[in-house]
Structure formats: structure tokens, C-alpha cells
Amino acid sequence: MSTQKCRQGCLHTLFCLLLGVLRRLHVISRNFYRRYCSCGLRLVAISFNHDSASLSGDAMNIRKNFTQTVAVPEWTAGETLPADSPAAYAIRETQGRTITIKAKFMVSSNSVTKAQVRACGGGVLGQLDPQTITLANGVSVPEFVSFELRDHLIGADGINVEDVTWEWEFRCCGGCKWEPLATTRHRIYTVLEEPNLPWTQQPASDTQNPWTDALDYACVWAAGQQNEIDAATAITKQVNANLGLVYDNASGAPFYEPQPLCDKFELTQFLAYLRNGTGLGNIVNCMDCATITTTFSNLVGCDLHASKMGSGFALTPFRGIGSAIFACPGFGCSFSYHEVAWTGSHGNADPLFDACLRVDNDTNPWAPPHSESFCVNIVFSTNPGAPLPFAVPFNAQSYKERLCTNDAAGIGSCNPIGPWPTSSNGRRPVK
Amino acid sequence: MSEKFSEEAYRERVKQNYDFYQWAGHTTEGDRNVKISGFFLPSTATAFQVVEKEELTPSSRQNRVTRYVCVSPTGDNRRIITTVFECGSVDEAHETLIDVVMTYMAPKLPKCETKNLTVGDVCFGSHGTLNLSVIFARFNILSEIKSATPGPTSVDEIARVVDSLILNQYRTIQPG
């Protein structure tokens, strides 16, 4: 068929219509039909992130991890695993905009100048409506042809990761029957908006562009969430309750921020821990929890930063990460400092997220019985500078009052400090 | 609130907590001018086996910072993180010890001598009956050894091995 001339025109279309009927009746073979009414069209490549300077009309800049990039076009002929063809979309930036992918086609006969292409399925990306493509010298013109994602559902389910399949079909040379072209599989990530620092949107090779190895976790932990607060809440709860992390009761030392500067987040090591329990182990402190929460939340579009409070304050019993009971840390009932994932400018009125511990949420947080609550979207202090001690019942949803003793050594000594000086404003670069 | 906080004041408070001025600049063998260079852990020793080794970014006080991920040779899946800070001098090693414990949430750690561990020129263990972490300075080398896996196993033996390796290197380069 490849050497056949590709005929066009009404008469030829009628002829192919007849051959199509005969083919359906199994009177003629597929090859016979193709010889006169088809062409050897091939799908060569698909590009999702075809404009690295923008993420409103296409996918964003991503990479696999610290050492491995994601090549564009993301799909090339021969790739079969969804994870080998990833793309990530930002809901806010793409909302109301025309989103396109681009695909390259080739045909072995130079006489073929037009073909129709469509794709069924596509999951969150939707099907691709039939579109006529132009070919010259066996290659599509332009080389990468735009397809609009008219039926996409990006944003409908909030944050998401989904493996999608497109069943591509084509017809050409007067053929009226849609023929299989290719089956392509892709992993599609959906986040709320452009990831915030430490994540960037630099041209493809930057190590701080979003990692799909991290998106694989963040988009599951925050699946279905439609806004930043709910996403950060889901991620904080996941880090606190479901990752097998345990507080360092021996000294409260950080493990995933390299000493002595604590200026980076050892995300590669942490992903190794998540994957197979290795990395730098499962013991953590507050800096680790704040950094993990910040990094994964910001990856899906939140805007948190790791910031300190202190310094040197007495604690009321809390439920530390990995612990089954309310108690003081093994090193005693005080912190030299504490670090959390904070919003805004880490002030008294700014809500925070703390995956390191759960506080007592009842009307007397300074005495048993303890009624636990995750520290999510809770204001640091609703009563800064109020005379101490506070009276019981204490009803305010106020973080430091529920973490510290009800006196000058506790509540009175716990104040916002700000990020570590070497922490890139609490958004530690990943490595 | 932020502007009231002083990193320097905090650092000074940490130094007071750790009785810094009692031990700073002192060594139990040699003197404060001893400087070991090119110190590395072997890939295998009696108490550990190195499975990963990575050079970390030093601060101005160190020439080299090397992190070793070690496992127990008995194959019990226990992971130990050992970080070796090769500092510019004994004084810088002691300042680095303060840099590191400033990142700990525990306001103070017990001295190793109180927990039947004698290593380094100055050494701090962890709270609890066993040392699950140890930080000690020997000459210009600061070593931080942390158990990264929960369980009642102390890191004392690894600390002794690391300290003896440093001492051996020092004694080897001594004249006579």
C-alpha cells in the first residue's frame, strides 16, 4: 500500500465506500481495502509540554527526579508504560484556556498529502476530535500538529493522578473507515496551580522543576482536593499518620536536612524511604516534618514555608508523630525550638500545618484527658500577649496555647521566629 | 516577634546549656593545634558496613563533610547515619558541635561520661537508657552518629570504632 498513489476525489470516495461495505462483509481482505483506500500513517511522537515558557495552554515543565529529566516529546513510538510518558497540568492557569497537545505523524508514501486523525478515550484529557492533518514528503505539516483538548476534565476532580489511554485512529486516501493508528498511554498529573518554591518552572533541565517521582505521592495524598487548605490538610495528615515516621525522642535531631547548614531537603533519600524503607530512615524531627509538608504541599500548588518558633519553651503533653500516647518527648518537656509549615508571614494570626505532632483539642489542653486533633490550618495564636495563665474552659483554636504549658515558661516563651537563615526562606531546595 | 529574636543570642544560650566554655579548645590527647586531614571511614568495620557515602556542602568552619549511611553487619536492617565533619581546627570542630546541636529540638543532651561512654575530647549522647545518637569531637574531627531506625540498640560501639580510627590516624602521623 505504501507505494500506491493516494487517490482523492468524489468518485474515489464512492469507490472506497463500496470497498468499505465489502470489507465489512468480509468479501475483501483488510490489505485489499488498504491498498486502494488507506495509507501507512504512523504516529511518531506526542508532545504535552510543547511550550516551556507557559503552562496555561499546555503541560508544565517537569522532570523525573534530581538526576533524570522528562524528554519532550513525552511520548515516542515504542513507549508503552504510562509513567514513561508523563505530563502535569495546573488547574488555575489552564482554567478557561485552550489546551493543546501536539503530535507528529509520518507516512511512507510521498503522495499522501492529507489524513484524518482522532483519538478515543483519554481519561481526564478527553477524546481528540477528528482533525484533518496535512502531510508533505511523508511528514506532517507542521511537523507537530496541534490537537485541542476540547473535552478535557482538568480540574473537575481537583488534584489527581491518572493513567490515561488514547486509541488513535485514522483514515486517508478516500477511505471512509476509521482504522487503528496507535494506542498510547500517559500518566497525567493535575495540581491546583503552578508549584511554589522550592519548585520552579525553569526550562527543562532545572533540578528544581517538579519531580514526577514526588508528584506520584503528592497527587495521591491530596487526591480530590480542590483548594490549598484542603490539600495541605490532607498532606499534613498523611505525613503525620500514614508514612511510618517516628519522632526522634532521643535528641530531636533532623535527618533529612544535611548538616551543618540544613539548607536542603534530601528528597531523593526521602523518596527512597517511601519506596522501600531505606533512605535516611523513618526517624524525624520537626524540621523534617515541616520541610516534608512544605515541599509536597507546594508541589500541588500550596504556598507554605518552614518556619520556627521559640526559643526554649515548656511543653504540655502532645502526641508526637509515630507515638500512640500523649506525652512529653523522651528528652523532656521542652523544645529548644519548633518548626512547622506556616502560611503567610509566619505571624501570630497566620495559620500553620504541623505534621510532627497532634495537640489536645479539648477545653483544657493542659491536663488529661486528652482529645487529640491534627494541627491543620490552625492559627498560631489567637491571644498573643494575653495575661497568663488562661482560664479553663479554653475554647480557642489556637496552636501555641495547646502546645505549651499555661505559663510564662510555656505559652509566654513561644513566639514566631521565622525560617532558618540558611533555608531559602523556609523553602529548602530539593536534592 | 521575629525582629526580637537574635540567632547570636540563641547560639550563646545553647553554648551555656552545653557548658561550652568548660571544654571548648581542649583536647584529651595532643593539643588544640592537632589537625587531621583526609579522614574517611572504611567501607567495613567491626560495628558497621557503609552502604552509601556522600559529600555534603560544608560551611565555612569545615573543609569537608561526609555522610555515611551504615548498616549493621549482622544484617538486622538497622540503619545508622554517621556524619564526619573535618573542620579547620579544634576550635572550629567545637563551634561546629554547637552548630549541629542548635538544630536539635532537645534543649540539652547528656555528656557521654554520664552514660558510660568515653570517646572524643568532648561527647554528648542522647536521652534515655541507651545512646541512640552520639555527637563527639576528637581533635578537629566532629562525628555525629544517629540511629535512623527505631529500636533499643545503642550507637556506642560505632562511636568507639570511629573514635579509635581517628586516634589511630593521629598516632600514625605523630613523630617517633
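Where is the place of Pro389(A) in chain A? Pro389(A) sits in the loop between strand S16 (372-379) and helix H8 (399-403) of chain A. Helices (H or I, at least four residues) and strands (E, at least two) are DSSP runs, numbered from the N terminus.

This is a predicted model, in which local features need pLDDT of at least 70, side-chain atom pairs count only at pLDDT 80 or more, and totals for chains, interfaces and linings use all residues. Residues are numbered from 1 along each chain as its sequence is written, while chains are lettered from A and ligands numbered from 1 in the order in which they are written.

**View 1. Two cis peptide bonds in chain A.**
The peptide bond from Leu388(A) to Pro389(A) is cis, with omega near 0°. A cis peptide bond also joins Gly310(A) and Ser311(A). Here omega is about -5°. Ser311(A) lies in strand S12 of chain A.

**View 2. Helices H1 and H2 of chain A.**
Helix H1 (residues 10-24) of chain A packs against helix H2 (residues 30-37) of chain A at an angle of about 170°. Their axes are 10 Å apart. Axes are lines fitted to C-alpha atoms, for helices over the stretch in contact, and angles run from 0 to 180 degrees between N-to-C directions. H1(A) and H2(A) are therefore roughly antiparallel to each other. (Angles under 35 degrees count as roughly parallel, over 145 as roughly antiparallel, 65 to 115 as roughly perpendicular and the rest as oblique.) H1(A) brings Cys16(A), Leu19(A) and Arg23(A) to the contact. H2(A) brings Arg30(A), Tyr33(A), Tyr36(A) and Cys37(A). Two residues are in contact if their C-beta atoms, placed from the backbone, lie within 7 Å. By class, the contact of H1(A) with H2(A) has 5 nonpolar, no polar and 2 charged residues. (Ala, Val, Leu, Ile, Met, Phe, Trp, Tyr, Cys and Pro count as nonpolar, Asp, Glu, Lys and Arg as charged, and the others, Gly among them, as polar.)

**View 3. Helices H5 and H7 of chain A.**
Helix H5 (residues 228-241) of chain A and helix H7 (residues 286-299) of chain A pack with their axes 10 Å apart, at an angle of about 140°. That angle makes H5(A) oblique to H7(A). From H5(A), the contact uses Ala231(A), Ala232(A), Ile235(A), Thr236(A) and Val239(A). From H7(A), it uses Cys289(A), Ile292(A), Thr293(A), Phe296(A) and Ser297(A). The contact of H5(A) with H7(A) has 7 nonpolar, 3 polar and no charged residues.

**View 4. Val239(A) and its contacts.**
Val239(A) lies in helix H5 of chain A. Is Val239(A) buried or exposed? Val239(A) counts as buried because it has 25 C-beta neighbours inside 10 Å. (A residue is buried if 20 or more other C-beta atoms lie within 10 Å of its own, exposed if 12 or fewer, and partly exposed in between; C-beta atoms are placed from the backbone.) Leaving aside its neighbours within four places in sequence, Val239(A) is in contact with Leu245(A), Cys289(A), Ile292(A), Thr293(A) and Ala355(A).

Leu267(A), Gln269(A), Phe270(A) and Tyr273(A) are buried in helix H6 (residues 267-276) of chain A. They cover an arc of only 160° around the axis, which puts them on the same side of H6(A). The arc is that of the directions from the helix axis to the C-beta atoms. These buried residues pack against helix H4 (212-221) and H7 of chain A. Arg275(A) and Asn276(A) are exposed, on the face of H6(A) turned away from its buried side. Just after H6(A), Gly277(A) takes a positive phi of about 80°.

Asn377(A) is not a glycine, yet its phi is positive, about 50°. Asn377(A) lies in strand S16 of chain A. With 16 other C-beta atoms within 10 Å, Asn377(A) is partly exposed. Asn425(A) has a positive phi near 55°. Asn425(A) is found in the segment after S17 of chain A.

**View 5. Where chain A touches chain B.**
Here 33 residues of chain A are in contact with 36 residues of chain B. S14(A) gives the most to the side of chain A that touches chain B, with 5 residues. That side of chain A has 19 nonpolar, 14 polar and no charged residues.
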